[in-house]
Structures are given as structure tokens and as C-alpha cells.
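Dear colleague,

I am handing over the structure we spoke about, together with some notes on what was found in it. Please have it open beside this message as you read.

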Amino acid sequence: MNKRFGEACDRLHRLGVTANYKGCRYTAYAVALCAEQPDLLMLVTKNLYPEVARQYSTTWQAVERNIRTVIGVAWKRNPVLLGEMAGSLLWTKPCSAQFLAIVSEDLRRGRAG
């Protein structure tokens, strides 16, 4: 998990999300979990957010809010790379589940650079 977490952090950093955002850690952990257990993407609010909240001793609502912030930052700073990760041009900012799916799939594929 530590390796996947680090790789998720790298991807978020390339998207323009820096470590000063609390949601950066939450999102990296969520991405790493989804890369290992893709079924978590089916019930993000019910299963994924509470698991991330337990890891960081916070609420699932705080996790959700901070991940949404991270998505907004990534969309504003590097939508082209996000589209490349998705494999197609994105016309609108992805929702949380879509963003997590895009980045976790990119992580599973092991795409570098």
C-alpha cells in the first residue's frame, strides 16, 4: 500500500495538487485503495469515504469535501493530463467517483511520466 500511496501522490502532484491541501493525502489514500480494490468505486460514499475517514481520524463528510477540493484544483491546473489519464478528452470536471476511477486505473496500468 505504501508504494501505491506514493505513486498516487506523484500523480496528484503532476495534476497540480500539492501537499498543502489536506485532501491530497485523503485522495492519494483513496486512489491507492481503489487501485487495490476497484469494487470500492461502486459505493464511494458508503464504503470508501468511511475507510479513508477511519485512517485519518476524521469524518466521511470531511473526506468528501476535501476530495472535491482536490478535484477542482486538478481540473483547474491540469485538465489536459487528467484527460490523458482518462484516455479521452474531458469536457466537464469529473465527479468524485469518476476522478478516483480515472486516477486509480492510471495507477493500476502503471503508466509513468
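Contact, as the word is used in this message, means that heavy atoms lie within 4.5 Å of each other. Please also keep in mind that this is a predicted model.

Ser96 sits in helix H6, and, once residues up to four places away in sequence are set aside, Ser96 touches Tyr49, Ile67, Arg68 and Ile71. With Tyr49 there is also a polar contact, in which the two side chains come to 3.4 Å. Ser96 has a relative accessibility of 13% and therefore counts as buried, the cut-off being under 20%.

Helix H6, which spans residues 96–109, also holds Ser104. Is Ser104 buried or exposed? Its relative accessibility is 0%, so Ser104 is buried. The side chain of Ser104 turns to the backbone at two places: a polar atom of that side chain lies 2.7 Å from the backbone oxygen of Leu100, and the side chain reaches the backbone oxygen of Ala101 at 3.3 Å. Leaving out neighbours within four places in sequence, the contacts of Ser104 are with Val31, Cys34, Ala35 and Leu41.

After H3 comes Ser57, which has a positive phi, near 50°.

How do H3 and H4 lie relative to each other? Their axes come within 8 Å and cross at roughly 95°; angles from 65 to 115 degrees count as roughly perpendicular, and the two helices are therefore roughly perpendicular to each other. On the H3 side the meeting residues are Thr45, Tyr49, Pro50, Val52 and Ala53, and on the H4 side they are Trp60, Val63, Glu64 and Ile67. By class, the residues of this contact divide into seven nonpolar, one polar and one charged.

One further buried residue is Met85, which is found in helix H5 (residues 79–86) and has a relative accessibility of 1%. Between Met85 and Val52 there are 33 residues of separation in sequence and 23 Å in space, taken from C-alpha to C-alpha.

I turn now to the charged side chains. How many salt bridges does the model contain? The count comes to six, and the pairs described here are some of them.

Within helix H1 (residues 2–14), Lys3 and Glu7 are four residues apart, about one turn of the helix, and their side chains meet in a salt bridge with a distance of 3.3 Å from N to O. Lys3 is exposed, with a relative accessible area of 65%, whereas Glu7 is partly exposed, with a value of 23%.

In helix H3 (residues 44–56), Arg54 and Glu51 are three residues apart, and about one helical turn separates them. These two residues form a salt bridge in which the closest N and O atoms are 3.0 Å apart. Arg54 counts as exposed at 56% relative accessibility, while Glu51 is partly exposed at 27%.

In helix H4 (residues 60–77), Glu64 and Arg68 are four residues apart, which again amounts to about one helical turn, and they form a salt bridge with the closest N and O atoms 3.9 Å apart. Glu64 is partly exposed, with a relative accessibility of 23%, and Arg68 is likewise partly exposed, with a relative accessible area of 44%. Elsewhere, salt bridges that share partners join Arg11, Asp106 and Arg109 into one network.

Why can side chains with such a spacing face each other along a helix? An α-helix has 3.6 residues a turn, so residues three or four places apart point the same way.

Conventions
Residues are numbered from 1 along each chain as its sequence is written. This is a predicted model: local features need pLDDT of at least 70, side-chain atom pairs count only at pLDDT 80 or more; totals for chains, interfaces and linings use all residues. Side-chain values use heavy atoms; hydrogens and water are left out. A salt bridge is a side-chain nitrogen of Lys or Arg within 4 Å of a carboxyl oxygen of Asp or Glu. Buried means under 20% relative accessible area, exposed over 50%, partly exposed in between (1.4 Å probe, protein chains only). A polar contact is a pair of N or O atoms within 3.5 Å; within protein, one must be able to donate a hydrogen and the other to accept it, and residues adjacent in sequence count only if both atoms are side-chain atoms. Axes are lines fitted to C-alpha atoms, for helices over the stretch in contact, and angles run from 0 to 180 degrees between N-to-C directions. Angles under 35 degrees count as roughly parallel, over 145 as roughly antiparallel, 65 to 115 as roughly perpendicular and the rest as oblique. Ala, Val, Leu, Ile, Met, Phe, Trp, Tyr, Cys and Pro count as nonpolar, Asp, Glu, Lys and Arg as charged, and the others, Gly among them, as polar.
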